[in-house]
Amino acid sequence: MLWIKVFHILFVTSWFAGLFYLPRIYVNLAMETDPQAYARLVLMAQKLYRFMQPLSILALGFGLWLWLGYGFTGGWLHAKLTLVFLLLGYHHYCGKLLKQFAAKTSQRSHTWFRWFNEIPVLLLLVIVILVVVKPF
């Protein structure tokens, strides 16, 4: 099971790298006025999002494997899984936002995207606390 934990942590970390960086690209897209630079940023965001998809699936798959191996016990795990579902929603909402940028229909400001960019940081903080401390 330790190897399963290693791979779960590896893929969660990799997935989060994308969750941290993709909205940062959105901040730049919201401020960009040069059409060539805008197109380049959209392409970068699309490639990153496509790369994040299998990472999220592998992170969830190894997490499910751990769950099946250790069982579903403790309130902390219920809370963690709730936050994981929120992360999945965040991930898919990033995909929706990417489609808006590709279609040039995004109406949000760079300030909004700066705040949006902080959501996975806060979720990761709470998830790590839940997993390590197991407060309940």
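This is a chat about a predicted model of one protein chain.

Trainee: How far does the trace span along its principal axes?
Mentor: The C-alpha trace spans about 50 × 25 × 15 Å.

Trainee: And how many residues, with what share buried?
Mentor: The chain has 136 residues, and 36% of them count as buried.

Trainee: Let's pick a helix. How many residues does α3 have, and what does it reach?
Mentor: Helix α3 covers residues 75-102, which is 28 residues. From first C-alpha to last it reaches 41 Å. That is close to the 40 Å expected at 1.5 Å a residue.

Trainee: What comes just after α3?
Mentor: Lysine 104 does, with a positive phi of about 60 degrees. Lysine 104 lies in the loop between α3 and α4.

Trainee: Is lysine 104 buried or exposed?
Mentor: Lysine 104 counts as exposed, because its relative accessibility is 61% and the cut-off for exposed is over 50%.

Trainee: Which other lysine has a positive phi?
Mentor: Lysine 134, at about 45 degrees. Lysine 134 sits in the segment after α5. Its relative accessible area is 43%, so it is partly exposed.

Trainee: New topic: the core. Which residues touch the most other members of the largest nonpolar core?
Mentor: Trp15, Leu22, Tyr26 and Leu29, out of 38 residues in that core. The elements giving two or more residues to this core are α1 (2-31), α2 (35-70), α3, α4 (110-116) and α5 (119-133).

Trainee: What is tryptophan 15 in contact with?
Mentor: Leave aside its neighbours within four places in sequence. Tryptophan 15 is then in contact with Met52, Leu55, Ser56, Ala59, Leu87, Leu88 and His91.

Trainee: Give me a residue in α5. Where is leucine 123, and is it buried or exposed?
Mentor: Leucine 123 is in helix α5. It is buried, because its relative accessible area is 12% and buried means under 20%.

Trainee: Which residues is leucine 123 in contact with?
Mentor: Leu83, Leu86 and Leu87, leaving aside neighbours within four places in sequence.

Trainee: Now the largest pocket. What is its volume?
Mentor: About 950 Å³. The elements that give two or more residues to its lining are α1, α2, α3 and α5.

Trainee: Which element gives the most?
Mentor: α3, with eight residues.

Trainee: Which lining residues lie nearest the centre?
Mentor: His8, Gly63, Leu66, Lys80 and Val131, out of 30 lining residues. By class, the lining has 22 nonpolar, five polar and three charged residues.

Trainee: Tell me about histidine 8. Which helix is it in?
Mentor: Histidine 8 is in helix α1. It counts as buried, because its relative accessible area is 14%.

Trainee: What does histidine 8 touch?
Mentor: Ala59, Phe62, Gly63, Leu66 and Lys80, not counting residues up to four places away in sequence. Gly63, Leu66 and Lys80 are also among the residues nearest the pocket centre.

Trainee: Last one. Where does phenylalanine 136 lie?
Mentor: In the segment after α5. Phenylalanine 136 is exposed, with a relative accessible area of 54%.

Trainee: What is phenylalanine 136 in contact with?
Mentor: Gly74, Gly75, Trp76, Ala79 and Leu130, leaving aside neighbours within four places in sequence. Its C-alpha is 8.9 Å from that of leucine 77, 59 residues apart along the chain.

Terms used:
Residues are numbered from 1 along each chain as its sequence is written. This is a predicted model: local features need pLDDT of at least 70, side-chain atom pairs count only at pLDDT 80 or more; totals for chains, interfaces and linings use all residues. Side-chain values use heavy atoms; hydrogens and water are left out. Helices (H or I, at least four residues) and strands (E, at least two) are DSSP runs, numbered from the N terminus. The expected span of a helix is 1.5 Å times one less than its number of residues. A nonpolar core is a set of buried Ala, Val, Leu, Ile, Met, Phe, Trp, Tyr and Cys residues joined through side-chain atoms within 4.5 Å. Buried means under 20% relative accessible area, exposed over 50%, partly exposed in between (1.4 Å probe, protein chains only). Contact means heavy atoms within 4.5 Å. On a 1 Å grid over the protein atoms alone, a cavity is a set of points where a 1.4 Å probe fits but cannot get out, and a pocket is an open set with protein on both sides within 12 Å along at least five of seven lines; lining residues have an atom within 4 Å of a point. Grid points are joined across faces, edges and corners, and a volume is the space filled by probe spheres set on the points. Ala, Val, Leu, Ile, Met, Phe, Trp, Tyr, Cys and Pro count as nonpolar, Asp, Glu, Lys and Arg as charged, and the others, Gly among them, as polar.
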